[in-house]
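Open the model in your viewer and keep the selection panel at hand. Work through the stops in order.

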Amino acid sequence: MIRIKSNQSFFTVSRHDRNLFLLLLPTAVVVVGLLLITFLLISSRASEAVKTYGLSLYVTSAWDPERERYGLFVPLAGTLVTSAIAALTALLLSLSLSIVVSEFLRGAVRNFLSTIIEFMSGLPTVIYALWGVQYAAPVIRDYVMLPLHKYLGFIPLFACEPLSGYSVLSAGLVIGISIVPYVTSLICESYMLVPTAYREACLGIGATRYETTKILLGLCRPAVIAAVVLGLARAMGETTIAAALVGNSMTISYCVFMPSYTVSALIAAQYGNAQLYMYAESVLYSAALAILILALVLSLTGLTLLSKWRSKVLA
Amino acid sequence: MHRIRVIKDRLFTFYVVITSALALIPSLHLISVIILRGVEVLSEAGIKFLVDLPPTPLSTQVGGIAPSLLGTFMLTAIALPTTTLIAIFAAVMNNEFPNNPISRILDVTLRSFASIPTIVVSMTVYLLVVIPMGGYSAIASSIALAIIALPYAYTIISAALGQVPHTYREAAYALGMSRWMMIYKVIIPIARRMLAGGILITMARIMGETAALIFTAGRFRTGLTLSPNQPVDAIPLLIFDYALTPYPVMHKVAWGAALILLLIYLITFLSLKVLVKEVKL
Amino acid sequence: MNKVGYAVELNDVYVRINRSEVIRGITIKVPLNTIYVIMGPSGSGKTTILRLISRLIDLIPDVEVTGSISVLGMDALRSDPYVLRRYVGMVFQTPNPFPHMSIYDNVAIAARINGVANNRDELDRIVRWALERAMLWDEVKGRLNDYPHTLSGGQRQRLCLARALAMKPKILLLDEPTASIDPVNARKIEEVIKSLRDEITVIMVTHSPHQAARVGDYIALIYSGTIVEEGRVKDIFLNPKSEFTVKFLRGEV
């Protein structure tokens, strides 16, 4: 009597298979090793700063390498604010775009628009940075910030006088625009997965397009949330646009017109000189560690949400 | 009652169309501006834009981006095969031994790689490669680029291999083919279009990446070099640096370079579309 | 190699896929160089038996097999599947010639990887031989470099037959080979199968009793994972012992 399960571990399977597996194993070792090394390296470089400055590193703000005074609150908060603005912008714009592509268009026109969106999703972000500096920032200041300040200046968000176009708002808006294709394709993909039975049911009860969309989109809610979370993770890692538009100033306030910092902008600006000082490098690494963990957590959350929703829908 | 529903529907349509336009118009403006400003610069500089060195901040000539152009191609030539090879091995492992715990760990790891901020990759490679080598180099830059492009290459190559119909696997096995032979002689050739598409997408990613180069490339713009262990430059990095300077002539160079980058990306994208009907990212 | 004369022996085999029993206690002995037909209604487990013999069952996750399976004297469950499959050729229900290879290459690769032919001349000869045996040569001899998609369904299936034959297998498994083929081509394929008697052991799965009668030497009737009746073709058709067999032969199942 022989009992063999076909999905046993590879040791009992043909030696051809085993040899192939062993041949492929180094790849796995290299890749996983690389991730571990990245983590360990960043953590160990960051530990010096954390040991010296303790938790105050994360709740105070300063960048004074000469006197070795550091505080990362501004770049951390700036990253969160900028990413939040970006994610919100992307949500508003992408949702509409997804609806237009999925509900309003058919055939060749839809394919064309899809292709355009696909094209834009691969555009190098540095192009957005260049455009942002030369065109978007002044336009945002003149046509968005100044009017908002004039008419809605009593709201703390818009209370300060916008001087230059460089602020968390500008950075957030342009980053948001740059991630619209990504978020749109995520939402569209999920929207397409909703079984046609629901759509037919909506048609059957005589729902208007608005009502149909509301229902179908409601079914997609976890997927849309996942798309926003993933967009947030993307926005956090964005470097070139942030470095160009956020203003590079160690200040933050409730007013979104103020220039500020993001972690990646800080690193991009200060890492070059950091070697000259004692703790500057380590402080930057602790900032990098913070956004690394944050981005990973957000990504895994978003991906898990998405896959859970997908398996529920496809069942 | 019915009228209210119709009004809501009309308002909804109006809102959605307006916001969609808002979603697209900035990017379309961006592209038109690059074309307009870029053509302006290129017509001023002519073909020499591709072969000259960049100008000094106060010069009147626009010069060219030859070092960055060469650098971009060199870095791509090193990084693309590297990342593709690793991605293929990883994808094969994931497709052939899906139940094995090592495969699953590999899969999760590669998907996590996609979420690492690119500047962090730059810092890591700086520590691992630039410092031991004693300076910036094309090798360091290529390694950073390969790491960043890896999750993209892996995802799409995995998908390409996975969508080969199961029946061809069975036919291959029934003929007595070993697993490796089946992969090499049946799966990969059948999937070749989508694989080529994946490679093109990866290439576009590599050519457009900036942050990875900030601490690994060295920004060598005063001459042409093909040496892998010397500082190098790339087009996106040049655009980034020059966009942030206050000098108008540098801005011009940045626009010209942006147009070149856009054209390269466009050609890559069109080739991709010719090869594959639809590629999911 | 087995001296008793059985090409394939299944002894009290149970197969469980995803926890549900697909094959319950089957014992089959297939004599060498005969045409053995496995017949039964859909879902009775016929294809699973074929997959056991060629070890293609490995491709299904979550499978449990108990019992003993002997193929050409080798313990099928304990042998290296890649070695086993060299002796066993298979033709599938839906024709699956490799779309990226020419007609010539489709047949040639079978010969090459099994060491049947090693140089260009030998390959040419065996490709021609295989295509002639599969009754396809006349139709494709002028366009061996064309691709399979230019062939009709029936021609594609004959190409798959040629490909399997080019392996020079000792056992040929056929999984409802004419199920998706038009009647003219189906007859041709049946002719080819009959011509293989005495050269190769053929095990064919079908759900058509008529086809079984036309082609087979032995029949095993399977229902719901167990053998209902088994024996020579004449005996089964003229002297069916089971009520179910009678119903099946009349087409009432």
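This is a predicted model: local features need pLDDT of at least 70, side-chain atom pairs count only at pLDDT 80 or more; totals for chains, interfaces and linings use all residues.

On the domain 1 side, 8 residues make contact, and they meet 6 residues of domain 2. What classes make up the domain 1 side of this chain B contact? There are 6 nonpolar residues, 1 polar and 1 charged.

Now show chain A alongside chain B. Here 65 residues of chain B contact 62 residues of chain A. Select helix 1 of chain B, residues 2-45. This helix supplies 16 residues to the side of chain B that touches chain A, the largest share. Colour that whole side of chain B by class: you will find 45 nonpolar, 14 polar and 6 charged residues.

Last stop: hide chain A and bring up chain C. Chain B puts 15 residues in contact with 19 residues of chain C. Which elements of chain B give two or more residues to the side that touches chain C? Select helix 6 (166-174) and helix 7 (179-190) of chain B. Helix 6 of chain B provides the largest share of that side, 6 residues. Colour the side of chain B that touches chain C by class, too: 10 residues are nonpolar, 4 polar and 1 charged.

Notes. Residues are numbered from 1 along each chain as its sequence is written. Chains are lettered from A and ligands numbered from 1 in the order in which they are written. Two residues are in contact if their C-beta atoms, placed from the backbone, lie within 7 Å. Helices (H or I, at least four residues) and strands (E, at least two) are DSSP runs, numbered from the N terminus. Ala, Val, Leu, Ile, Met, Phe, Trp, Tyr, Cys and Pro count as nonpolar, Asp, Glu, Lys and Arg as charged, and the others, Gly among them, as polar.
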